[in-house]
Amino acid sequence: MNYNDLTDNLKIGRRELDGVNGVKILDDWKWDFNLTIWYIEIEITSDISGNIPTKSTWYVIAEKSYPKGIVKIYPAKNNFNLTFEHQSNNGLEENNLWRKGSLCLESPLKCLGKHDFDSEPLTAEDRLLWNVKRAIDWINAANKNELTKDDYYFELPQFNESLTYFAFSEDEKSFNDWKKIKNTFGIAELDLYKSKPPVYFIKKFKNENNKTIRKVRWGKYLSQEFEKPNVALWVMLKKTPVINRWQAPNLFGELFDACRKQNIDLRSIVKWLAHNIRDGKHHLLLLGFPIPTTIGGENTIIHWQALKLPILSPSNLKELNPYDHTARKKIKKSKPKHNAKGVRAHEKALWNLDRTILTSKKKIEWLKSQNWNKQEIHNRGQLSEDLTSMNILIIGAGTIGSSIAELLVRSGISNLSIIDADTLKIGNLSRHSLGLTQIGKTKSNEISLYLNQINPNTTVEVIDNNFEFSVAFSKNIENFDMIIDCTGEDIVLEDLEKFKFQNNKIFISIFIGFAAKRLYMYLQIGNKFKTDDFCKKTLFWQEKERKEFSSYKLPREGTGCWSSVFPARYDDILLASSTAIKIIEDFIKNKHITSLICIYEQYSDSDGIFIGYKKVEKV
């Protein structure tokens, strides 16, 4: 690829930079064969002196599909090696021309006088120019030390992370718990639930004497034991480990320096704990540090950043590399005797070997470390705390019950139980979350397995019973705050009426009309469920439906001794379920309402275009 292959759009973008105040083109478009991108070298002059030279060199890169694809701006290799906020990790060089610290220009930087929705243009004339002008603003803000302000959300520095994940769960409550824990380092128990890409998650923190000081609470799926516990080391730092202003360490030497600035001798701590991980395998080191929600605010949470330690020298000769004769000879010579002095001498010899592994120039492999606490992962949308904290029972795991359950779990419900002894049939798949591998299996068991994998903080249980009244069974469901009937069967309502509970509950019955064109809901608070009013109100509408669809030929299932099936498409089911969730949430918010009957029906405009649901009955 040479200049003759340059596209017209790249030429147009380049021309727009001519005459821009403070910008000088140093070299025209060139092709990088390794990165397969076009790049152009520019000089930017800033009127403001600071950590970035007033005349600095930058490389603007663009894909051959420009104005589509990536456009980024990198500092020249010898420009500066600091990393600023809103910049990628600038501690490494990309090639002989530029460093890896690309500028973050897309974010809503109010310090640059930009608004949240000042989006990047996508035309050949404007996109390159927009990025370069934003870079000038970014440089000026960096030199004025104004890239961040006190009301901005706090951002971690960019750790050069591998594809391996590490999940932890921390919130404000656990932050206060950590304040009471005097230990600042120890060992941890991890589990691994997925191998491609691997996903480690924390289960226990222990002190250096192997005593548990904190258990991490997960939902049912992550609470099970996937593998033999994986031992990790943990160290609590005082603040975010950074060097060169805001650069995450890329080398172990940089990390040791960053910790030393906090008066923490990380190398000595690893040495002290190393005997826990001398099994010839990789282990993780978890670095915890307090962070605020916004810059300038008080710390509110502990963030854990995991890295993979190099394999330390194994204490057992059998686990040592058979071809590493030097190491084998040293360890054999220092083999521990049966006394403390001998053990210490042995550990000292092993650590001397480790020093050749854990060198200052050793590159760090950081893991994608994420907080899977429910407060973090439901920021995109969750139900109210009043609802998510409830213990909920769903009767019926059919099309309505399963979709209601999934909506609740995805919206943050922590504790849910399902009761349904029916098995899944092929005909169910047209409007159910389950699939072919679950045919013939019990719906409640299979949907609980499915739901438990959706939310790491949710526990979905199965009540292995048919729903029918008995004194003994009433004890099984006494502890639920909310009972939702999704069966659409009168016999279930009749049985539910027979229970008398010690404490008030929220009873809800949901069913759909013909083809799911109508939604019927009854909500009631009390220690006993009463359906008289609901039945009277729905009777009129059910009779209406019977007349409306009297000439409709019901579909059948099977060609032998067949029976008709209830018609309803999945999109209509989801519309009904979503509406039901909204009504349930509003019912809980309006604490003065103790019973509510709602009947909705779909409607369209005069051209037959669907509009939505309208309420046709409310009592």
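What covers the buried residues of H1? The cover includes strand S1 (23-32), strand S2 (37-45), strand S3 (55-62) and helix H2 (127-143). Notes on these and other parts follow.

1. Basis. This is a predicted model, in which local features need pLDDT of at least 70 and side-chain atom pairs count only at pLDDT 80 or more, while totals for chains, interfaces and linings use all residues. Residues are numbered from 1 along each chain as its sequence is written, and side-chain values use heavy atoms, with hydrogens and water left out. Helices (H or I, at least four residues) and strands (E, at least two) are DSSP runs, numbered from the N terminus.

2. Helix H1. In H1 (residues 8-15), Leu10, Gly13 and Arg14 are buried (under 20% relative accessible area; exposed is over 50% and partly exposed in between, with a 1.4 Å probe and protein chains only). These residues lie on the same side of H1 because they cover an arc of only 100° around the axis, taken from the directions from the helix axis to the C-beta atoms. Asp8 and Arg15 are exposed, on the face turned away from the buried side.

3. The sheet. S1-S2-S3-S4 is the order of four strands in an open, antiparallel sheet; two strands pair if DSSP finds at least two bridges between them. S1 and strand S4 (71-75) are the edge strands, each pairing on one side only. From one strand to the next the twist averages 25°. S2 and S3 are joined by eight bridges, and Thr45 has Lys55 in S3 as its bridge partner.

4. Helices on the sheet. H1 lies across S1, S2 and S3 and runs at about 165° to S1. H2 packs on the sheet, touching S1, S2, S3 and S4, and its direction makes about 35° with that of S4. Contact means heavy atoms within 4.5 Å; axes are lines fitted to C-alpha atoms, for helices over the stretch in contact, and angles run from 0 to 180 degrees between N-to-C directions.

5. Thr458. This residue sits in the loop between helix H12 (443-452) and strand S15 (459-462). Thr458 counts as buried because its relative accessibility is 1%. Its side chain reaches the backbone oxygen of Ile413 at 2.6 Å. Beyond neighbours within four places in sequence, the contacts of Thr458 include Gly219, Lys220 and Asn452.

6. Backbone to check. Tyr66 and Pro67 are joined by a cis peptide bond, with omega about 15°; Pro67 is in the loop between S3 and S4. Asn145, not a glycine, has a positive phi of about 60°.

Note on methods. A polar contact is a pair of N or O atoms within 3.5 Å; within protein, one must be able to donate a hydrogen and the other to accept it, and residues adjacent in sequence count only if both atoms are side-chain atoms.
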